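Here's a protein for you to look over.

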Amino acid sequence: MTDTLTSLPGSGEVAQRRLLQTPVPGPRSTELHAARGHEVARGFGTTLPVFVERAEGAILVDVDGNQLIDLASGIAVTSVGASHPRVAAAVAEQAARFTHTCFMVTEYEGFVDVARALNRLTPGDHEKRTALYTTGAEAVENAVKIARAATGRPAVVVLDHAYHGRTLMTMSMTAKHLPYKAGFGPFAPEVHRAPSAYPYRWPGGPERCAEEALARLEELVMTQIGAENVAAIVAEPVQGEGGFIVPAPGFLPGVARFAREHGIVFVADEIQTGFGRTGAMFASEHEGLVPDLVTSAKALGAGLPLSAVTGRAELMGAVDPGGLGGTYAGNPVACAAALAAIAVIEEEGLVDRARAIGARALPRLQRLAEDSPAVGEARGRGAMLALELVRPGTTEPDPAAARAVAAHCHAEGVLVLVCGTFGNVIRLLPPLVIEAELLDDALDVLEHGVRELAWSTS
Ligand SMILES: *Cc1c(COP(=O)(O)O)cnc(C)c1O
């Protein structure tokens, strides 16, 4: 295991350090952001209104010449770092040969190679098949289609705090009303929601969480839906947008067992957790889970749009030719990027590196949680880390505190994201290539932001 986060080969054009030349956002970004308002639909939110000019490794360079530390990775996408030279070269090489044929029209090897890699890397050594798509939501949609075709059943069970996407079916599966669902109904039918095993907020306490959450899910299926009507149970092995919730140990294995006993397809949505992020190639591995279907996207294409459903050959085979696909599904340039990204993850030891990032950062975040009454909990796995902010002395969510800490980090040149059903979780998703010094610098800024907040509210 790599316990020192040393520098890795990059193109070396952008120094891996934080540098502020203007306030953040600077004048040029502010001007561009104002112009954007006249052209772009308002519905696209912005975490930090800074326009990026280039990016490398864990540094984003904005149009005002500021160098920001990237603890977002474009939402867990650029795990191999921004513009990794091997990914950039593979994309350029493929784009020069051909950019598109549509795999349903004429075939190309990259599609098959990515499928082979995913069949090898996803949990379990059973026979698998893979279908490639473009976005994460599309992968989840197709996992549901495949599960329905294979079982002949309609219902889908999802969890509280779930995030599965923004299309009609996946929005229906997503838990949070604002901003994802408000005004967009009616929703897709046959989506049922069970409690999530969220240890920090479980009414009976964290020790009873796994057992009680599992009992509630089983009761929902047996008494309200009927197991014979359930096609799939879909769960994120660590919940992402919902608040970086690491489920109580034993909950997901219990869900998987229950699903197997009732002929229900167990789908792990690994779109945010996959490809090393949590310190395992797939987060299901932490609990020895072997899902029937796995959805992946985000880090798979290292920034090029690519997603996948990988699963048991007999389930994947339930759909006849023509039933699955998409014009851009498994685009050749995106496949070239994915093959390069997977090679980087494996050859540069990025799974170990994610563990090393967690080992370096989590104890620090946990100390911060002990010292600061505004931090209810520090949690995470590998390089998927979070601080949940609460009103001091309570477990009441404090979204204003999360916004204040994020604003402090942004002003100091550290890009962090806020998430959670209650909007009170600061989440960290550094590129897995981040160097120790840069990570420490970013954590210093974050820690300072939290401590300042504690003073300002006490
Ligand atoms: C981001 C995400 C999705 C949706 O992916 P898109 O590419 O944005 O459609 C689905 N599930 C999870 C767990 C995600 O994190």
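What follows is a short tour of a pocket, some charged pairs and a greasy patch.

## Before we start

Keep in mind that this is a predicted model, so local features need pLDDT of at least 70 and side-chain atom pairs count only at pLDDT 80 or more, while totals for chains, interfaces and linings use all residues. Residues are numbered from 1 along each chain as its sequence is written, and side-chain values use heavy atoms, with hydrogens and water left out.

## A pocket to peek into

Rolling a probe the size of a water molecule over the atoms shows where empty space is left. Here, a pocket is an open set of points on a 1 Å grid over the protein atoms alone, with protein on both sides within 12 Å along at least five of seven lines, and its lining residues have an atom within 4 Å of a point. The second largest pocket has a volume of about 440 Å³, where volume is the space filled by probe spheres set on the points, which are joined across faces, edges and corners.

Who lines the second largest pocket? There are 19 lining residues, and Phe103, Phe111, Thr130, Ala131 and Leu324 sit nearest the centre. Helices (H or I, at least four residues) and strands (E, at least two) are DSSP runs, numbered from the N terminus. By type, the lining splits into 12 nonpolar, five polar and two charged residues.

## Charged partners

Side chains of opposite charge can pair when their charged atoms come close. A salt bridge is a side-chain nitrogen of Lys or Arg within 4 Å of a carboxyl oxygen of Asp or Glu, and by this rule the count comes to 23. One of them joins Glu13 to Arg54 (3.3 Å, N to O). Glu13 lies in the segment before helix 1 (27-36) and Arg54 in strand 1 (residues 52-56), so this pair ties together parts that are 41 residues apart in sequence. Glu13 is exposed at 57% relative accessibility, whereas Arg54 is partly exposed at 37%. The labels work like this: buried is under 20% relative accessible area, exposed is over 50%, and partly exposed is in between (1.4 Å probe, protein chains only).

Another bridge links Arg97 and Glu93 (3.0 Å, N to O). Arg97 and Glu93 are four residues apart in helix 3 (residues 85-97), so about one helical turn separates them. Then there's Arg391 with Glu396 (2.9 Å, N to O); Arg391 is partly exposed at 38%, and Glu396 is partly exposed at 41%. Salt bridges also link Arg364, Asp371, Asp444, Glu447 and Arg451 in a network.

## A nonpolar patch

Leu168, Phe184 and Phe187 make a nonpolar surface patch of about 300 Å². Patches like this use residues with over 30% relative accessible area and no salt bridge, joining nonpolar side chains (Val, Leu, Ile, Met, Phe, Trp, Tyr) within 5 Å and like charges within 9 Å. The areas come from the Shrake-Rupley method with a 1.4 Å probe, and for residues only the protein chains shown count as cover. Where is Phe187? Look in the loop between helix 6 (168-173) and strand 6 (191-194). Phe187 is partly exposed, with a relative accessible area of 37%.

Note on methods: 1 Å grid on protein atoms, 1.4 Å probe; cavity = no way out; pocket = protein on both sides within 12 Å on 5 of 7 lines; lining within 4 Å. Nonpolar A, V, L, I, M, F, W, Y, C, P; charged D, E, K, R; others polar.
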